Amino acid sequence: MQEQYRTVAREGVHETEISRSRFVCALAPAATEREAQDFVARVRRAHPTATHNCFAYVVGADAAVQKASDDGEPGGTAGVPMLQMLLRRDVRYAVAVVTRYYGGVKLGAGGLIRAYGGAVGEALDALGTVTRRRFRLATVTVGHQRAGKVENDLRATGREVRDVRYGESVTIEIGLPDSDVDAFRAWLADTTAGTAALELGGEAYGDT
């Protein structure tokens, strides 16, 4: 698995004008290919009179799913440079749609490649990205008398507390970098005088 990846911080739109053509780039996070396709369809519905609605998306931390469309522009001049910009910026789980309103001046193949790739790059700069890092899910089970201090200490040291459940004992779900597991196990034993249990689960990604 990838140690980390970037994704779009939020859904948004950034517009630029090149040789009288309007290039409107809509960006959004997309957890699945279906989400990406739904976003493309939504943008197309919002711009029914546009000359082109070209798109690119990357799904998977390892970029397993990659799709691009020129939507009528000359082959390889729109969707591919958009996709290359996402990949070059290490952006994953994201979809970009560049809507073009033709302004009457032909840009040529090189101009189109720069325009479409640049529109995505500018939108990424404007909207921002977040980095997600791989971590291991872990469950701490501790008695009620020590749970409050353990939870406070976890939050104070910047650990990701994902869930807290109260029953006969208190269960705290956290995320740990793999490299931190041994040190955390020792800290937990010391903090709770060996009364807490640590159970490791699967892997996931979280914001850093």
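Modeller: We shall go through the sheet, the helices, a hairpin and the salt bridges in turn. Please keep in mind throughout that this is a predicted model.

Biologist: Let us begin with the sheet. In what order do the five strands of the open sheet lie, and is the pairing parallel or antiparallel?

Modeller: As a general idea, strands of a sheet pair through backbone hydrogen bonds, in either a parallel or an antiparallel manner. Here the order across the open sheet is β2-β3-β6-β4-β5, and the pairing is antiparallel.

Biologist: How many bridges join β3 and β6?

Modeller: Strand β3, residues 21-29, pairs with strand β6, residues 94-101, over eight bridges in the antiparallel sense. Within this pairing, R22 is found opposite Y101 of β6.

Biologist: Which strands do the helices α1 and α3 lie across?

Modeller: Helix α1 lies across β3, β4 (52-59), β5 and β6, and it runs at about 165° to β4. Helix α3, residues 108-127, lies across β2, β3, β4 and β6, at about 50° to β3.

Biologist: How should I read the helix α2, and which of its residues are buried?

Modeller: The general idea is that an α-helix has 3.6 residues a turn, so residues three or four places apart point the same way. In α2, residues 79-88, the buried residues are G79, P81, M82, L83, M85 and L86. Their cover includes β4, β5, β6 and α3. After α2 comes D90, which has a positive phi, near 60°.

Biologist: Turning to the salt bridges, how many are there?

Modeller: In general, side chains of opposite charge can pair when their charged atoms come close. The cut-off applied is a side-chain nitrogen of Lys or Arg within 4 Å of a carboxyl oxygen of Asp or Glu. By this rule there are 13 salt bridges.

Biologist: Which parts of the chain does the pair of R42 and E11 link?

Modeller: R42 and E11 form a salt bridge whose closest N and O atoms are 3.2 Å apart. The pair links distant parts of the chain, 31 residues apart: R42 is in helix α1 (residues 33-46), while E11 is in the loop between β1 (4-8) and β2 (12-18). R42 counts as partly exposed at 40% relative accessibility, and E11 is partly exposed at 43%.

Biologist: Finally, how many residues does the hairpin between β8 and β9 run through?

Modeller: The hairpin joins β8 to β9 through three residues. Strand β8 (residues 160-166) and strand β9 (residues 170-176) are antiparallel, with six bridges between them. D163 stands opposite E173 in β9.

Biologist: Which residue meets D163 in a salt bridge?

Modeller: The side chain of R165 does so, at 2.9 Å from N to O. Salt bridges with shared partners join D163, R165 and E173 into one network. Relative accessibility is 40% for R165, which counts as partly exposed, and 31% for D163, also partly exposed.

Conventions:
Residues numbered from 1 in each chain as written. Predicted model: local features only at pLDDT ≥ 70, side-chain atom pairs only at ≥ 80, totals over all residues. Heavy atoms only, no water. Helix = DSSP H or I, 4+ residues; strand = E, 2+ residues; numbered from the N terminus. Buried < 20%, exposed > 50% of the residue type's maximum accessible area, 1.4 Å probe, protein only. Pairing = 2+ DSSP bridges. Contact = heavy atoms within 4.5 Å. Axes fitted to C-alpha atoms, helices over the stretch in contact; angles between N-to-C directions.
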